[in-house]
Amino acid sequence: MTSINFKCPYCSHPTTITDPNYFDCWQRMHVIKSDKGDVGLFIQSITCPNKECQKLWLRMEMNSVDYKGIRQDWNVIHQWQLLPESEAMVLSDYIPQPIQQDYYEACRIRDLSPKASATLARRCLQGMIRDFWEIKKSQLKDEIDELKDKVDPDVWESIDAVRSVGNIGAHMEKDINIIVDVEPGEAQLLIGLIEQLVDDWYVARESRKKRTEELKRLVANKEMQKK
Ligand SMILES: [Zn+2]
């Protein structure tokens, strides 16, 4: 019995996926010989159970095979997020376009080039600090320093971590022979923080705005009734 916690990337509905909405299959590629060795493909698909959405999520992974032909799920040689093209969450229109673009691009290249993805996450963060907090300095480090009194200490530390990991792709090491790499999982951590900040800053502000407008309308209505 399948039971997977899943947040639909199209409609953002958190849900538990069960059998009628889940399909996977595994195919060993035992005929061909390549530099990849003995491998196979694992395909996973989910359809969103939300009736208004029902969109397809599709992912494929290449794994090595042991001598019995059994899939080594811990040994992922390649993985491809096919639909949607990346695991990006859908950002609302009130988030500025340049921030959206950097975010989507960071998600799209996460597995292909985690280092470039981290650099884009850093740029995205800078855009958010400048737009949301209206802090504009020539160096991101100075902007983050100014943010220190405005956000929770643990959030601030995470923000500073995005800056320092993003720097790996943005600047060459002084000794150019030193290669510092970024793993896809690490790039995802930065993307996750951007998503959290979008929620905490932009989405929260928008729902505050909405609530205030509704309250104003309510008061106006009551005043009308009194007259
Ligand atoms: Zn959905």
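Trainee: Where is Val76 placed?
Mentor: This is a predicted model: local features need pLDDT of at least 70, side-chain atom pairs count only at pLDDT 80 or more, and totals for chains, interfaces and linings use all residues. Residues are numbered from 1 along each chain as its sequence is written, and side-chain values use heavy atoms, leaving out hydrogens and water. Helices (H or I, at least four residues) and strands (E, at least two) are DSSP runs, numbered from the N terminus. Val76 is in strand β6.

Trainee: What is the relative accessibility of Val76?
Mentor: Buried means under 20% relative accessible area, exposed over 50%, and partly exposed in between (1.4 Å probe, protein chains only). Val76 counts as partly exposed because its relative accessibility is 32%.

Trainee: Which residues does Val76 touch, not counting those up to four places away in sequence?
Mentor: Contact means heavy atoms within 4.5 Å. With residues up to four places away in sequence set aside, Val76 touches Glu61, Met62 and Asn63.

Trainee: What distance separates the C-alpha atoms of Val76 and Leu190?
Mentor: Along the chain, Val76 and Leu190 are 114 residues apart.

Trainee: Which residues are the protein donors of the zinc ion?
Mentor: Donors are N, O and S atoms within 2.8 Å of the metal (3.2 Å for Na, K and Ca); water is not among the atoms, so sites may look incomplete. Here the SG atoms lie 2.3 to 2.4 Å from the zinc ion. In sequence the donor residues are spaced C-x2-C-x36-C-x4-C. They are Cys8, Cys11, Cys48 and Cys53.

Trainee: What is the geometry of the zinc site?
Mentor: Four donors count as tetrahedral if all angles lie between 85 and 135 degrees; four count as square planar and six as octahedral if opposite donors are over 155 degrees apart and all others between 65 and 115; anything else is irregular. Ideal angles are 109.5 degrees for four tetrahedral donors, and 90 or 180 degrees for six octahedral ones. The angles among the four donor atoms of the zinc ion are 103 to 114°, and the site is tetrahedral.

Trainee: How many residues apart are Cys11 and Cys48?
Mentor: Cys11 is in the loop between β1 (4-7) and β2 (14-17), and Cys48 in the loop between β4 (39-47) and β5 (56-65). The pair links distant parts of the chain, and the separation in residues is 37.

Trainee: Is Cys48 buried or exposed?
Mentor: Take Cys11 for contrast: at 26% relative accessible area, Cys11 is partly exposed. Cys48 has a relative accessible area of 2%, so it is buried.

Trainee: Which residues have the most contacts inside the largest nonpolar core?
Mentor: A nonpolar core is a set of buried Ala, Val, Leu, Ile, Met, Phe, Trp, Tyr and Cys residues joined through side-chain atoms within 4.5 Å. The largest has 35 residues. The elements giving two or more residues to this core are α1 (97-108), α2 (114-132), α3 (140-147), α4 (153-170) and α5 (184-226). Those with the most contacts inside it are Tyr103, Met128, Ile129, Ile159 and Trp201.

Trainee: How are α3 and α4 oriented, roughly parallel or roughly antiparallel?
Mentor: Axes are lines fitted to C-alpha atoms, for helices over the stretch in contact, and angles run from 0 to 180 degrees between N-to-C directions. Angles under 35 degrees count as roughly parallel, over 145 as roughly antiparallel, 65 to 115 as roughly perpendicular and the rest as oblique. The axes of α3 and α4 come within 10 Å and cross at roughly 175°. That makes the pair roughly antiparallel.

Trainee: What is the omega of the peptide bond from Leu83 to Pro84?
Mentor: Pro84 is found in the loop between β6 and α1. The bond from Leu83 to Pro84 is cis, with omega near -15°.

Trainee: What is the phi of Glu134?
Mentor: Glu134 lies in the loop between α2 and α3. At 65% relative accessibility, Glu134 counts as exposed. Glu134 is not a glycine, yet its phi is positive, at about 55°.
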